[in-house]
Amino acid sequence: GRTAPPAAATLPSPAPAPARRRSGAVLGLAAIAVLGLIGIGGWSSGMVEALLGPRLPVAVPFTLTAIRIDGAPVTATGHAPSAEVKAAIAARAAKEGGTAEITLATGEIAESWGTEVVALMDALAPLPEWSLVVSGNAATAGGLARDRAQRDAVTQRLTEAAPALTVTPEVAVGPRLLAADAVAAILAARGDCGALAAGTAPAGGWPLGAEIAVTGRVASEATRSELQEALTGVAGDRTVRLDTEVLSPELCGLLAAAPAAGPSGVGIDFLAADGTGPNVAAGYRAGEAPVIDLALPDGFSQGYLWVTLVDPGGMAFHLLPNLNRRAYSVKDLRGVRTGAVPARVAWPAATAAGSAQIGVILDETARGRGMIVVIHSPDPMFGGLRPMLEPAAGFATGLKALAAAQPALAIDTRLFTTE
């Protein structure tokens with residue numbers, strides 16, 4: 001027989017959804033509706049603040065200023081992006097006995113703005129005075145360092161502390177005013193060829209950016225280098241300029257022995273070797289004889305003048321007085337002339353030959369710097385004549401003893417060059 005076909009499969013009817021799931025769907029739609037209502041009016045009514053916390057104001061520009069003036073407490077004002085950053089800034093100010101008025105805000109700033117600004121404050125903290133001005137992602141960090149080493153160290157930290165910010169370091173080297181006494185002490189300690197001078201400092205001292213110009217003479221290039229280094233060490237951000245000449249030990253010995261009473265006002269004029277005109281550069285060739293006039297000022301008529309030429313080889317020639325010209329009072333030099341007058345003390349070689357007039361021919365073997373020394377005293381000097389020619393060191397010894405015995409001495413000097 002035939003087999004009956006299989007009966008068609010009957011699918012079960014879907015079970016009804018549980019009441020619990022239908023209720024959840026209804027609640028979800030209700031929540032969306034509530035949020036919609038909040039979106040329409042909840043912001044102004046403070047409902048979002050209640051759910052999500054207070055909204056921070058927008059600061060344009062977003063700024064912070066922190067200042068420490070001359071060791072005083074730190075003051076900080078401006079904005080911070082979070083309570084943690086605000087607390088960190090306040091802690092830095094409080095550490096120095098200062099205050100912070102910081103407002104929480106949002107703005108167009110880097111995500112790491114807060115930590116980097118605090119790092120900049122930490123970098124500046126070692127300086128006795130400093131300022132930090134931040135606007136958005138740009139910062140200017142200025143200050144005054146004690147010395148160059150501190151300036152370099154702080155500047156290096158500033159360049160590394162805030163990679164997300166544009167930082168402009170402006171750290172100067174102090175002190176803000178450099179006292180005249182500090183410079184004078186350095187000059188006195190290194191004055192090995194007569195007194196050194198730095199001019200007159202402004203009231204209170206030299207300000208930042210000023211120039212300290214030193215004049216005088218030194219005994220060696222080593223002294224000049226030491227002087228430059230010592231002054232640069234205390235000058236900070238100031239220029240040190242040395243207008244100093246290096247002289248021989250013989251000339252420096254004379255200057256060191258010279259009295260401290262200052263110049264007499266007598267001028268020393270060099271003329272050409274033939275006596276025909278002025279020699280402004282005071283330069284002569286070996287084998288020539290310098291021609292020298294003293295310029296006696298108007299009204300200068302009292303006392304005595306001792307005149308010595310010290311050549312580059314270190315020998316002292318006493319031009320006045322000497323065996324040929326014993327009278328050396330100012331009245332004898334002036335004669336009957338009045339006003340400002342010249343008084344010759346050294347003549348051209350051709351004129352001096354065979355006469356009582358003095359001419360000093362410069363040694364062919366000694367080239368360099370020589371000096372004319374003019375000493376003025378109210379009384380006769382040295383107890384009589386000295387040898388017409390003697391070593392400069394011997395003359396310096398005599399000059400030192402003379403200065404001790406006759407404190408009213410005054411001295412004028414002028415250098416010349418032998419080529």
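Me: What does contact mean in this predicted model?
Reply: The model is predicted. Contact is judged on heavy atoms. The cut-off is within 4.5 Å.

Me: What covers the buried residues of helix 6?
Reply: Helix 6 spans residues 180-190, and V183, I186 and L187 are buried there. Their cover includes strand 7 (177-178), strand 8 (206-207), strand 9 and helix 7 (221-235).

Me: Why do the buried residues lie on the same side of helix 6?
Reply: The residues in question are V183, I186 and L187. An α-helix has 3.6 residues a turn, so residues three or four places apart point the same way. On the other side of helix 6, the exposed residues include D181, A188 and A189.

Me: Is H318 buried or exposed?
Reply: H318 belongs to strand 15, residues 315-320. Buried means under 20% relative accessible area. H318 has 1% relative accessibility, so H318 is buried.

Me: Which side chain joins that of H318 in a polar contact?
Reply: Beyond four places in sequence, H318 touches residues including V307, R386, M388, F395 and W306. The polar contact is 3.3 Å, and the side chain that H318 pairs with is that of W306.

Me: Which strand gives the most to the lining of the largest pocket?
Reply: This pocket holds about 370 Å³ of space. Of its 15 lining residues, the closest to the centre are A195, R217, L255, I411 and T413. Strand 9 (211-218), helix 8 (249-257) and strand 19 (410-418) each give two or more residues. With three residues, the top contributor is strand 19.

How values were computed. Residues are numbered from 1 along each chain as its sequence is written. This is a predicted model: local features need pLDDT of at least 70, side-chain atom pairs count only at pLDDT 80 or more; totals for chains, interfaces and linings use all residues. Side-chain values use heavy atoms; hydrogens and water are left out. On a 1 Å grid over the protein atoms alone, a cavity is a set of points where a 1.4 Å probe fits but cannot get out, and a pocket is an open set with protein on both sides within 12 Å along at least five of seven lines; lining residues have an atom within 4 Å of a point. Grid points are joined across faces, edges and corners, and a volume is the space filled by probe spheres set on the points. Helices (H or I, at least four residues) and strands (E, at least two) are DSSP runs, numbered from the N terminus. Buried means under 20% relative accessible area, exposed over 50%, partly exposed in between (1.4 Å probe, protein chains only). A polar contact is a pair of N or O atoms within 3.5 Å; within protein, one must be able to donate a hydrogen and the other to accept it, and residues adjacent in sequence count only if both atoms are side-chain atoms.
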